[in-house]
Amino acid sequence: MHLRAPVVGCLCLVALMVLAGVSACVGRFPLHPGQVLGALLAAVGLGAGAPPADAELVHTILFGARLPRIGGAMCVGAALSVAGAAYQAVFRNPLVSPGLLGVLAGAGTGAALG
């Protein structure tokens with residue numbers, strides 16, 4: 001069975017959204033998926049009825065810690081994949097490494113300074 005690029009892209013997008021949803025629920029203070037969905041709907045103005053007693057705590061956990069980290073992880077992953085694809089395109093080598101132009105040494109120096 002041969003999968004085409006759009007099908008694979010859609011499957012990867014669905015997997016990304018599922019994993020983002022799961023990561024919004026797990027943590028030091030686990031949240032029920034219904035709580036997460038309720039907080040997201042309330043944030044866009046689609047909340048129904050009176051908010052539950054722990055709505056403020058769920059909002060703080062979700063919007064103060066988890067969603068910014070999930071968004072940051074998605075941005076970093078996207079940037080790393082674009083950088084890898086750019087390296088492969090520039091050098092026309094699918095197995096190119098970051099050590100080719102000294103990027104690996106520069107990243108190590110930046111990490112040590114940080």
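**Helix packing and overall form**

Modeller: This is a predicted model. In it, the axes of helix α2 (residues 33–43) and helix α3 (residues 55–91) come within 10 Å and cross at roughly 85 degrees.

Biologist: How are α2 and α3 oriented to each other, then: roughly parallel or roughly perpendicular?

Modeller: Angles of 65 to 115 degrees count as roughly perpendicular, so α2 and α3 are roughly perpendicular to each other.

Biologist: Which residues meet there?

Modeller: From α2, Gln 35, Val 36, Ala 39, Leu 40 and Ala 43 take part; they meet Val 58, Leu 62, Phe 63 and Leu 67 of α3. The residues of this contact comprise eight nonpolar, one polar and no charged.

Biologist: Where does UniProt place the "transmembrane region" annotation?

Modeller: The unreviewed UniProt entry assigns it to residues 34–50 and 70–89. In the model, residues 70–89 are 100% helix and 0% strand, with the end C-alpha atoms 29 Å apart.

Biologist: What is the radius of gyration of the protein chain?

Modeller: It is 20 Å, whereas a compact globule of 114 residues would have one near 13 Å. The C-alpha trace spans about 60 × 50 × 25 Å along its principal axes.

Biologist: And how much of the chain is buried?

Modeller: Buried residues account for 11% of the 114 residues. Of the contacts between residues at least 6 apart in sequence, 47% join residues at least 24 apart.

Technical notes
Residues numbered from 1 in each chain as written. Predicted model: local features only at pLDDT ≥ 70, side-chain atom pairs only at ≥ 80, totals over all residues. Heavy atoms only, no water. UniProt positions renumbered as here; feature names shortened; annotations may be inferred. Helix = DSSP H or I, 4+ residues; strand = E, 2+ residues; numbered from the N terminus. Axes fitted to C-alpha atoms, helices over the stretch in contact; angles between N-to-C directions. Parallel < 35°, antiparallel > 145°, perpendicular 65-115°, else oblique. Contact = heavy atoms within 4.5 Å. Nonpolar A, V, L, I, M, F, W, Y, C, P; charged D, E, K, R; others polar. Rg over C-alpha atoms; globule rule 2.2 N^0.38 Å. Buried < 20%, exposed > 50% of the residue type's maximum accessible area, 1.4 Å probe, protein only.
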